[in-house]
Amino acid sequence: MDEVSQRVLEYLTEVEEAAEDVLTTKQQIVDLDTKRNRNREALNALKHDVADSEKVKVCLGSMFIKFPKAKTREMIQKDQEQLDKKINDLRKGLKAKVNRLNEMQGKPELRGYSLSPLSTDEIRAINSLLKR
């Protein structure tokens, strides 16, 4: 291959790897969100089905283990917090990956893509200003 063809091939390989990285991150977010929804369902089931003094069966890997209801709720809530953190970290990283991919392709940076939502304090401040 001549030098120009080699450079084009390298460029296309880099773009393909960056695109694959974006897709992989998106799939990880979807998978973690599915797990987070299952945990939410489990927490709701714990609220309604069993008395606080009873033990519940929890599936860990390929086996079921009986745990106290309070301990089970605590474990699931800790898992929820970890999942939320992982998902937020992946979403923040995804923005940088998408911007890098667009830069490699010569596209302009997405406008408004790196915006973050208002905090509750900011919303209260805006509402109080609007009510005046």
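R36 lies in helix α1, where helices (H or I, at least four residues) and strands (E, at least two) are DSSP runs numbered from the N terminus. The model is predicted, so local features need pLDDT of at least 70 and side-chain atom pairs count only at pLDDT 80 or more, while totals for chains, interfaces and linings use all residues. Residues are numbered from 1 along each chain as its sequence is written, and side-chain values use heavy atoms, with hydrogens and water left out.

R36 counts as buried because its relative accessibility is 15%; buried means under 20% relative accessible area, exposed over 50%, and partly exposed in between, with a 1.4 Å probe and protein chains only. Setting aside residues up to four places away in sequence, R36 touches Q80, L83, D84, I87 and R91, a contact being heavy atoms within 4.5 Å.

The protein as a whole has three helices and two strands, in the order α-β-β-α-α along the sequence. Its radius of gyration is 23 Å, whereas a compact globule of 132 residues would have one near 14 Å. That radius is taken over C-alpha atoms, and the globule rule is 2.2 Å times the number of residues to the power 0.38. Along the principal axes, the C-alpha atoms fill a box of roughly 75 × 60 × 15 Å. Of the 132 residues, 18% count as buried. Among contacts with a separation of 6 or more, 54% are between residues 24 or more positions apart.

The accessible surface is about 10,600 Å², and carbon and sulfur atoms hold 53% of this surface; areas come from the Shrake-Rupley method with a 1.4 Å probe, and for residues only the protein chains shown count as cover.

In soluble globular proteins, nonpolar side chains tend to be buried together. Here the largest nonpolar core has eleven residues: V15, A18, V22, I29, L32, L83, I87, L94, V98, L101 and M104. Helices α1 (3-48) and α2 (69-105) each supply at least two residues of this core, and α2 gives the most, with six. Such a core is a set of buried Ala, Val, Leu, Ile, Met, Phe, Trp, Tyr and Cys residues joined through side-chain atoms within 4.5 Å. A second, separate core of six residues includes L46, V56, V58 and F67.

V98, a member of the largest core, lies in helix α2. V98 counts as buried because its relative accessibility is 12%.

K57 counts as exposed because its relative accessibility is 63%. Not counting residues up to four places away in sequence, K57 touches F64, I65 and K66. P68, eleven residues from K57 in sequence, is 8.8 Å away, C-alpha to C-alpha.

Towards the end of the chain, T120 lies in helix α3 (residues 120-131). T120 counts as exposed because its relative accessibility is 52%. The C-alpha atoms of T120 and T72, which are 48 residues apart along the chain, are separated by 31 Å.
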